[in-house]
Structures are given as structure tokens and as C-alpha cells.
Amino acid sequence: MSSKSVKCDLLVIGSGAAGMAAALKAASEGHSVIVAEKSKWLGGTTAISGGWAWVPGNKQGVAQGDTRQEIETYIRALAKDCYKAEMVDTFLDEVPEAIDWLERDTDVEFVYPEMAPDYQMDAPGAKPSGRAISGKVVDARTLGENRLRLRPYLDTYTVFGYMPEVGPDIAQFLHANQSWKSFAYVSKKLLKTWVETVLCRRSFDRTNGNSLMVRMVSSAAKLGIRMWTETPVTKILQSENGVVTGAVLGGVHAATVEARLGVVIAAGGYSADASLRAEYWGHDPHGDNHFTPTVGHDGDNVRLAAPLGGHVDTDVHEPAAWAPVTVFTGLRGQQRIFPHLRAFGLPGLIAVNRKGERFANESSSYHDFGMAMIQENAGQDETFGYIIADSKAMNKYGIGYAKPRPIPQGYFKKTGFLHKADTVEELARRIGVDAAGLKKTLSEFNAGAAKGEDPKFNRGSNWFHHFKGDMEHQPNPNLEPLDKGPYYAAKIEMGDLGAYSGLAVDRHSQVLDDDNQPIPGLFAAGSAAVSIFGGGYPGYGANIGPALVFGYTIGRDAEILASLRSESTTPTVLEEV
């Protein structure tokens, strides 16, 4: 234990959306805050994410006539038997206040898109817009000396260094090889990105989750929040009466921190920890059948809370937000991961199993597709499939990380990301898929796709499907026959965007002990805490939305909770705050 002692009001572990929301609100109330981040970067997984926040009941949704009953009906349909009524009620109660405060009193600015469909558009209560918002593009120079402390983009998900935004921006990139106007737009974006990167080490314009974190870190600096990177938390401290009083920090800022109002665990979940995955995730019993693109989700939430009685809440029908990924080897021998969040909803791309058969609706959400992929591979040692495309789709759209023409394909094939063959039979042999099955699948799929139909899975049948596709493609934005060689494939395996089965918490985000009683002074939010959606994935930003809202309420209520606590053995349970 470090001999150095430091005092603050609130100690926050982790610098993603949840942690920074808690820190910002607490600091705005006049409290001293320390954010302890174990990596050398600020921003957590939020900084490499799409940056959306699913926050139903925001001002746009209300203006469009969205109702509390419709929202609850939709969440209940997705959560099934794992519906968490108290947590959902609290979330929906607090959305307007939290989002309004962020926009009014911090540097955070949101974009309210005209179209951002819920992921389950066929479920009761679903809406085509009004529930998902995103961070507005920002010039990172507003961060001053903190500009290069923010976590860079996930490079595999950029287009030559630029991170397109979902919506009109990415649509321009999608058509860059088909329209001179789009080509000029993309060229301007890329040239600006390259020049700024060469001259200033990183481009100035930040989009998606990076823009959200730029704005939150900028606000934190103005409020005097101490943001300590390369500073892991090794132990959470309690008084004799069980009240959390601080923590022990290691690394660059090694110290014993006394935190008057408590400690917030916002350090992500456990999806990068093989032993915890093996314990809680059925498809990964040996910890070697899953690959996560998240950063920092190493199980610190579980390890730090367990000695105090904190435990994982498994009352979710899916333990994580699933996302299929391609794992490949970079030219320097490093493992690289590309998350397929959109790619195979495009026309002319399908996904098949080891038998060469389609097993899911490729235009469903990555989470729903992931559920189908796990089910399809149940009982197998490895969970995988393949994205298949013909030359038309490859030249027009590419396959995720493998870019379309005129980009050369050599690099993508050399790294093992992309496989190519002149015929369907040859491609099947190269990737180890049943050739007869693949030929039959293509024949059946092509017959329907030519008419804009998918009798097997009803792909391309709702707004969300179309939003994932090419809105200019007819007769269906998601369907096109695969009938022109050569043919291409990319292997997909299981990944995630964060665990859903996190620490058990109450509606005040207080971590619960083994008797389901609050541990006084210990909070958890974001992927560190159990998802409020019961295993369902409602729409864009299903992780970040609750992270912002519950982070905000922690920062707001920490002082009240502390004032109501007494040095008794009975934990504080509030009816109203």
C-alpha cells in the first residue's frame, strides 16, 4: 500500500461515458473528483464506439409523440422474462434531466437524427426515430494539452484514418466509387485527415464516440477534475462498519485515496477476461472462443467488488451485447479485430455456416445476429461463419475492413482477412465450407433477391434493415443476387460490445452485496453494472445511453446518499432522492 495519501470527494474508476458523466455532475456540484484510468488513454471503449446514446424520452422523441407506454412496451418485449421494472423506470424517469443537463451545463452537444430506427422494428412499441442521439463532430484542439491523451479510433474501423458517422456521412463513403460528388466529398475528408495527422500526429475533427469523449474531457478539465492515466485501482477500502472510504491506486499516481462520498466503478465489464467468460458465457467454456474489440474490459469490476460482497447479476437472457468480428493478423504479426456492425446488411452479401447454409437474417442487428450465430454453433468447439460476396458486391461495397475498388485487395488477402476464388466450388474448398450446400444456398437466395424478396428470413422488410443497407439500391436496399465471379469470403467469429451481466446494483447504482443489500459508498455504472435491458439490445447506443444517465445520477446523488448514511451496520436504502 502506497504511503502517499490523497483526499477527494468522489473517486471514479474508468474514463468512459459512465465514469465521466458521474465525474462531471459531481464536480459541477462543487465536489472534488479524481478519475483513475489504468490505460494511458482517456475515453475507454466509448472513444472507439459509434458514440450513439439510446435515450428514449429525450426532447426529440417527446416532440414526435413517443410515449412512456410505448417505450416500456418495447423494452419489455426485448427483455422478455428478465425485465427489470425498477431499473427501467428509473432510467426513463431520469433521461430528460440527464440529457438536458449535459447539453446545457457541459460542452456536450448531441445530434438528433431524422432517422435512427430501433433495432427490433417488428416488436411492439418500436420507433423509426426519436430515441437514439449521437455526439456532434468536434475539433479536438479544444482539449489543448489533453488532445493526444484521448484514446485514438479503432484503426480497423476507420477509412484510411477517417471515422465516418452513421447516416449521411457514411452514405457518402458508401458511394465514393459510384458518384463523383461522393468521391469529391470523401477525398476532401481523407486529405484533411492525412495532412493533420502528418503535421499534428492526429486529425482535428473527431466523430462518433471520440467526439463525445472530447467534449466530456474538455468539460472535465474546465471543472478541475483530476484525470490520472496509467493509474490502476488495486483495492477498494472499507471502514469497520462496511462503508467504502476510498481505494488504493497503483501506477503513475500510486497512492491511498480517501473518497468522502464513495467510489464509482466505471471500468468496463469482463469480456476480455477468459476465466470470467468461461464462467458466465455458455459458448466460451474454455475462454478461447471469443474475441472482444472493447478496451479495458478486463474484469476489474468483478475483482474489485468481490471482496466487499459485490457479485455478477446473471438475470439477463443474453450475457453480452454480441457483435460478430473478423480476427486477422496484421503485417507486423499483431492480432487485429474488425467488428461487423453493418457490413453484411448490404446488397450482395450473405452469411453462411460450415454447411454453406444461411442461418440468420443478415440485416438484423449485430446483437440479434450474434445470438443466432451462437445458437447455430451450439455444441461445436468453435463459433464461426463466413460472409460471402460476389464480385459485384465486393467492387461496390467491399466486405467490412476489406475496401471496395479501386482499393487493391492484396493487403486484405495477405493478412488473412479476405479469401478469393473464381468459382463458388473453389471458394467453398478454400474456406472449408460444404460446396454443395453453398451452391444450393446461393441458388435459393438469388431467386428471391432478384425480386427484392427473402422468403427464408424476411431480410429487407423494415426500416432498420433498410437503414443498414444501401438506400439507393432497388428494388430492395438489402438484397441483390450473388451471381458474378470471382467470389469472396471473410470469416466471422464471436465478439461483443460489452458485457450485459455486470455487477448487481439497485436503482441508485449502489453495488449490492451477497444479501442484495447496498454496499454503502460503492457505485457501478456502464458495462461494469448489469444491463437494464435484460439481455435485449433496443437500438443505437444501448450501452452508452444508460451509462450517461446512471453516471449522471451517481454524481448528482452521491452527496445525498452520503449524508443519509450513518456509521451503523444498516446500509442506506432510499425510497426517494
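Okay, let's start with a charge sitting on a ring: Arg-206 lies over the face of Tyr-153, 4.0 Å from the ring centre. Before I go on, please keep in mind that this is a predicted model. There's a second case like that one, with Arg-76 over the face of Tyr-83 at 3.9 Å from the ring centre.

Now some orientation. UniProt, in an unreviewed entry, puts a feature called "domain: FAD-dependent oxidoreductase 2 FAD-binding" at residues 9–543. That span is 29% helix and 19% strand, and the C-alpha atoms at its ends are 27 Å apart.

On to the rings. How many aromatic pairs does the structure hold? The count is 30. Let me pick out a couple. Trp-101 and Tyr-552 make a tilted pair, with 5.5 Å from centre to centre and 45° between the planes. Trp-101 is in helix 4, residues 85–105, while Tyr-552 is in helix 16, residues 544–564, so this pair ties together parts that sit 451 residues apart in sequence. And both Trp-101 and Tyr-552 are buried.

The other pair I like is Tyr-119 with Tyr-540. Their ring centres are 5.0 Å apart with the planes at 75°, and therefore the pair is edge-to-face. Again, distant parts of the chain get linked: Tyr-119 comes from the loop between strand 4 (110–111) and strand 5 (132–135), Tyr-540 from the loop between strand 19 (518–524) and helix 16, and they are 421 residues apart. Tyr-119 and Tyr-540 are both buried too. They also belong to a cluster joined by ring pairs, together with Trp-52, Tyr-366, Phe-464, Phe-467, Tyr-500 and Tyr-537.

Why can we call helix 10 largely enclosed by the rest of the structure? Because 8 of its 11 residues are buried. Tyr-366 is one of them, and so are His-367, Asp-368, Phe-369, Gly-370, Ala-372, Met-373 and Ile-374. As for what covers those buried residues, the list includes strand 12 (320–329), strand 14 (349–352), strand 15 (384–390) and strand 17 (487–499).

Next up, salt bridges. The count comes to 37. Take Lys-38 and Asp-298, whose side chains meet at 2.7 Å, N to O. Lys-38 is in the loop between strand 2 (33–36) and strand 3 (52–54), and Asp-298 is in the loop between helix 8 (274–280) and helix 9 (300–305), so here we have parts 260 residues apart in sequence being tied together. Lys-38 is partly exposed, at 29% relative accessibility, and Asp-298 is partly exposed with a relative accessible area of 29%.

Let's go back to helix 4 for a moment. The side chains of Glu-103 and Lys-59 form a salt bridge at 3.5 Å, N to O. Glu-103 is in helix 4 and Lys-59 in helix 2, residues 59–63, so that bridge connects parts 44 residues apart in sequence. Glu-103 is partly exposed, at 22% relative accessible area.

Then there's Arg-556 with Glu-94, meeting in a salt bridge at 2.9 Å, N to O. Arg-556 is in helix 16 and Glu-94 in helix 4, so parts 462 residues apart in sequence are tied together. Are these two buried or exposed? Both Arg-556 and Glu-94 are buried. One last thing on charges: salt bridges with shared partners join Lys-38, Asp-273, Asp-298, Asp-300 and Arg-303 into one network.

What about cysteines? A search of the whole structure turns up 0 disulfides. Cys-82 is buried, with a relative accessible area of 10%, whereas Cys-200 is partly exposed at 27%.

The peptide bond from Gln-474 to Pro-475 is cis, with omega near 10°. Gly-485 and Pro-486 are also joined by a cis peptide bond, with omega about 0°. Pro-475 is in the loop between helix 15 (463–468) and strand 17, and Pro-486 is in the loop between helix 15 and strand 17.

Arg-201, which isn't a glycine, has a positive phi, near 75°. You'll find Arg-201 in the loop between helix 6 (180–200) and strand 7 (205–206), exposed at 67% relative accessible area. Glu-230 has a positive phi as well, near 50°; it's in the loop between strand 8 (226–228) and strand 9 (233–238) and counts as partly exposed at 41%.

Conventions. Residues are numbered from 1 along each chain as its sequence is written. This is a predicted model: local features need pLDDT of at least 70, side-chain atom pairs count only at pLDDT 80 or more; totals for chains, interfaces and linings use all residues. Side-chain values use heavy atoms; hydrogens and water are left out. UniProt positions are given in the numbering used here, feature names are shortened, and annotations may be inferred rather than shown by experiment. Helices (H or I, at least four residues) and strands (E, at least two) are DSSP runs, numbered from the N terminus. A disulfide is a pair of cysteine sulfur atoms within 2.5 Å. Buried means under 20% relative accessible area, exposed over 50%, partly exposed in between (1.4 Å probe, protein chains only). Rings of Phe, Tyr and Trp (its six-membered ring) pair if their centres lie within 6.5 Å; planes under 30 degrees apart count as stacked, over 60 as edge-to-face and the rest as tilted. A charge sits over a ring if NZ of Lys or CZ of Arg is within 6 Å of the ring centre and within 35 degrees of the ring normal. A salt bridge is a side-chain nitrogen of Lys or Arg within 4 Å of a carboxyl oxygen of Asp or Glu. Contact means heavy atoms within 4.5 Å.
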